[in-house]
Amino acid sequence: TGDGNLDIADGIRHYGDTNTSISFPAADTITAETGGTERLRITSDGDVGIGVADPDVYSLGGNNRYAAIKASAGYTVLNLVDSNNSGSYLQFGNSSVRRGSLHFLSNSDFVIASNTSNSGTTLTERLRIKSAGRIGIETDDPTERLTVHGTNNDTTPILGLRSGNSQTTINNGAQIAFGFNGTNHYQHFIHTRHNASNNNNAIDFYVCDGTQANSVTSVSYTH
């Protein structure tokens, strides 16, 4: 046209391959089709769908922006391919604050980092899963299956378990269960009781009596 733009009523088709096209099915909407099937859509709101016409798949609405990928069969896979030197990561934040990241390092460790001050772009590592499966909280070098780093100046507990029972109630909801050889067989338990008086506040220890399938209330001895 005279304004220097190319105006198209509906779409652009690949010559000799008529089921491959770029289309404009509605105002402010763009789609891409291959094999006669829509593969990608950019909606008038700026949402992006791959394999799905409505990226707001859960109908949350609002001023949110949505991007969705839907598989027609099998798994939905998003690949982040790095250069073998630095790993790959996802970052979260706004235009001025980098709030956190999920990062797979080049040694295959997985790191979760967050912004301590909720300002600026500096992130601090909070959790690491080593490639061998060891988990570290506030440490990048866990030496046990789960290592939690702390100091002698900590002012809060390292671990909080909030499932204790009342002074007279005993059930199978032990705070800690110890199983045998990677199973839940021949278990021992630690179970706590709590109340507002000085009586029957207790930490109870239960030991298996030799029965393979046991619980706190079945074939376990209290100590």
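The side chain of Ser-23 makes a polar contact with the side chain of Glu-33, at 3.0 Å. A polar contact here is a pair of N or O atoms within 3.5 Å; within protein, one must be able to donate a hydrogen and the other to accept it, and residues adjacent in sequence count only if both atoms are side-chain atoms. This is a predicted model: local features need pLDDT of at least 70, side-chain atom pairs count only at pLDDT 80 or more, and totals for chains, interfaces and linings use all residues. Numbering starts from 1 along each chain as its sequence is written, and side-chain values use heavy atoms, without hydrogens and water.

Ser-23 sits in strand 2, residues 17-23. Strands (E, at least two residues) and helices (H or I, at least four) are DSSP runs, numbered from the N terminus. Ser-23 is buried, with a relative accessible area of 13%. Buried means under 20%, with a 1.4 Å probe and protein chains only. Leaving out residues up to four places away in sequence, Ser-23 touches Asp-10, Gly-11, Thr-29, Ile-30, Thr-31 and Glu-33. Touching, or contact, means heavy atoms within 4.5 Å.

Now the whole chain. The protein has 16 strands and zero helices. Its radius of gyration is 28 Å, well over the 17 Å that the globule rule gives for 223 residues, so the protein is more spread out than a compact globule. That radius is taken over C-alpha atoms, and the rule is 2.2 Å times the number of residues to the power 0.38. The C-alpha trace spans about 90 × 40 × 40 Å along its principal axes. Of the 223 residues, 22% count as buried.

Terms used: Buried means under 20% relative accessible area, exposed over 50%, partly exposed in between (1.4 Å probe, protein chains only).
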